[in-house]
Amino acid sequence: MDVDAIDTRARTIGLYLISFIAITTSLFHLYTGAFGIFGGLIQRSIHVYLLAALTFAIVPYAGSTKWRYRTVDIVLIVLSFVSMGYVLLHYFRMLNKVPWVEAPPVGDWIIGIISVLLVLEATRRIVGRLLAAVVVVFLLATYFAYLLPPPFTTPAVPPSNWIDGLFVTSEGLWGIPTRVSATFIFLFVVLAAFLESTKAGQFLIDIGNAMVGHLQGGYSKVSVVASSIFGSLSGSAAANVYGTGIFTIPMMKKSGLNPISAGSTEVTASCGGQLMPPIMGAGAFIMAQFLGINYVVVAMAAIIPSFLYYTSVYFSVHAEAVKQKIEPIPKEDRKKALNVIREAPGQALTLTLTLLVLIYMLVRGYTIYRSVFVAIGILMIVSSIQPGSRMGVKHMTVALDKGARNATQIAMACAAASIVLGSLNITGLGVVFGQFLVGAAGGVLWVLLIMVAAFSIILGFGMPTTAAYILAASLLAPALAAVDLGGLPSHFYIFTFAVYSTLTPPVALAAFAAGQVADADPIRIAFKAIKMVLPTFIIPVRYVLHPAILLEMSWQWIVLDFGILFVAVIAIQSGLWGWPVKGVVPRTLAVVGSILLILPATLLPVGFFTLIVAGLILVGFAAATHMTVNGRQAEPV
């Protein structure tokens with residue numbers, strides 16, 4: 001047998017082994033979803049090491065498949081399995097060890113250091129160099145924090161405490177982000193892979209066509225409907241842009257929308273899915289774990305903010321369609337909802353029942369992992385009814401394989417974020433940084449809020465939303481807690497701006513993804529996306545100080561705030577887009593009035609109702625005067 005034949009056979013065997021690891025990883029998590037999770041250290045270590053090994057297998061070292069490079073990958077895969085075996089063999093000893101009192105044995109030192117390095121390398125490959133570099137910087141900064149200048153100086157921590165804190169206890173590598181990834185998030189990724197196997201994505205696009213295709217700018221509005229739903233299931237806005245944007249962006253460009261507008265529409269629709277319940281791109285689960293509250297509370301709190309977000313996006317899409325004179329979807333290409341369901345009854349029934357069962361079980365208080373497992377079971381049963389959505393053994397194995405591969409990015413991001421969180425807890429540097437922010441703000445609340453928002457966006461540059469939120473929350477939540485702001489409003493405030501980091505220049509991962517698909521300048525896409533959701537950059541300032549729309553106040557306040565903010569979003573976008581409000585003066589009044597409506601009275605030296613009246617007067621004046629500008633109905637500008 002010649003060398004080429006041997007090489008080909010070896011590659012084939014390697015592909016089968018990679019699929020075996022991926023499918024085994026998915027089956028392990030499905031088993032725990034059905035019968036309950038293992039002890040924390042067992043569940044989380046198996047999760048991290050299996051997905052680290054899978055990462056090394058699917059993302060070659062130096063991007064090369066040559067054997068001299070793949071040897072590095074094989075060594076790392078072996079180290080992953082050896083480390084997993086070590087943890088499993090020493091589980092009871094590690095569980096019963098008294099941390100920071102008993103000195104760690106040599107094995108803990110070796111495997112602990114190897115484990116951190118494995119996660120760093122896997123993160124570098126699958127998430128990107130930026131997050132890996134951030135983790136290294138945090139490790140160095142916290143380890144040498146006793147050398148930092150005041151006010152960041154913290155006491156020196158013995159090296160043995162680092163091994164206990166990062167490897168033995170559940171405060172470091174096995175902390176909250178890893179726990180959520182190992183028990184909840186992975187199963188949601190598998191669920192999304194199964195839905196994809198039933199062709200639910202195309203079904204959602206067709207349903208969106210039936211719902212809004214007859215309206216002006218039809219294809220843009222279809223993108224908003226389809227991408228928002230898929231964005232909620234995805235843990236990455238950039239991944240969602242690639243997943244749905246490859247279909248929606250060409251359709252928008254074909255309808256006459258310019259590439260910048262097509263890209264920004266997809267970006268805003270995809271990013272908003274991270275704020276939209278019930279899944280929120282896994283952010284809701286981690287927030288609930290941080291706060292120690294029920295996941296349903298977080299999901300319910302997101303209803304009004306996500307509605308206002310998509311109100312802003314939808315209005316912007318319509319105004320842009322009017323501006324560019326984009327017609328509805330042609331009659332011959334439009335679909336009717338009943339026809340879509342008749343053509344794909346399997347997908348319709350599968351998607352509907354799966355989501356209904358999932359939401360019902362979550363609301364009824366079942367564990368999240370059990371709820372997702374049952375939803376996957378329902379999906380498999382219902383999809384088998386119709387040939388169009390039926391999943392055979394091949395489809396199931398492909399879904400299991402793809403689910404594990406898709407989970408590698410978010411799993412490694414969570415593991416890396418756990419290391420950061422652990423290092424901050426070991427030294428207390430997170431609390432120190434929070435106190436520094438409060439001091440830097442000089443006791444001025446609005447300055448502190450601006451600083452927290454800016455840091456949340458900066459910390460999220462180049463990262464998946466989940467990792468961005470974890471890093472931001474670990475550093476910035478103590479600052480908001482120090483000024484007695486509520487836990488849920490504070491974390492939701494931070495989470496919102498962590499989401500926006502994916503569309504904010506100069507990094508703007510989602511915008512760069514859309515730019516590649518739309519063949520357009522990603523920075524211009526990012527700035528236009530910001531314009532499309534600009535009101536929702538201001539709204540968080542209101543709900544962190546007056547959390548009515550997070551459902552934390554009486555129903556009267558909830559209704560009043562929702563009405564005020566809905567009017568404000570419409571008015572501010574009317575002023576920004578020049579439709580239907582025309583003319584410089586009316587548009588300026590609409591924007592200024594809207595800002596007065598949005599900002600909480602605590603930030604301004606006037607009473608609450610005075611603020612509302614002033615805002616309504618300005619918005620009403622703008623609405624009344626736009627019709628008489630130049631004595632005619634002007635075109636939007």
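## Basis of the values

The model is predicted: local features need pLDDT of at least 70, side-chain atom pairs count only at pLDDT 80 or more, and totals for chains, interfaces and linings use all residues. Residues are numbered from 1 along each chain as its sequence is written, and side-chain values use heavy atoms, with hydrogens and water left out.

## Cysteines

A disulfide is taken as a pair of cysteine sulfur atoms within 2.5 Å. The count by this rule is zero. Cys271 is in no disulfide, and the nearest cysteine sulfur, that of Cys414, is 18 Å away. For Cys414, the closest cysteine sulfur is in Cys271, and 18 Å is too far for a bond.

Cys271 is buried, at 0% relative accessibility. Cys414 is likewise buried, at 0%. Here buried means under 20% relative accessible area, exposed over 50%, and partly exposed in between (1.4 Å probe, protein chains only).

## Helices α20 and α22

Helices (H or I, at least four residues) and strands (E, at least two) are DSSP runs, numbered from the N terminus. Helix α20 spans residues 429–440 and helix α22 residues 465–482; their axes come within 7 Å and cross at roughly 55 degrees. Axes are lines fitted to C-alpha atoms, for helices over the stretch in contact, with angles running from 0 to 180 degrees between N-to-C directions. The two helices are therefore oblique to each other, given that angles under 35 degrees count as roughly parallel, over 145 as roughly antiparallel, 65 to 115 as roughly perpendicular and the rest as oblique.

Contact means heavy atoms within 4.5 Å. On α20, the contact is made by Gly430, Val431, Phe433, Gly434, Leu437 and Val438; on α22, by Ser474, Leu475, Leu476, Pro478, Ala479 and Ala482. By class, this contact has nine nonpolar, three polar and no charged residues. Ala, Val, Leu, Ile, Met, Phe, Trp, Tyr, Cys and Pro count as nonpolar, Asp, Glu, Lys and Arg as charged, and the others, Gly among them, as polar.

Thr25 lies in helix α1 (residues 3–35) and is buried, with a relative accessible area of 0%. Apart from neighbours within four places in sequence, Thr25 is in contact with Leu50, Leu51, Phe186 and Ala404.

Leu275 is found in the loop between α12 (259–272) and α13 (283–291). At 5% relative accessibility, Leu275 is buried. Not counting residues up to four places away in sequence, Leu275 touches Met280, Ala302, Ser306, Tyr309, Phe495, Thr496, Val499 and Tyr500.
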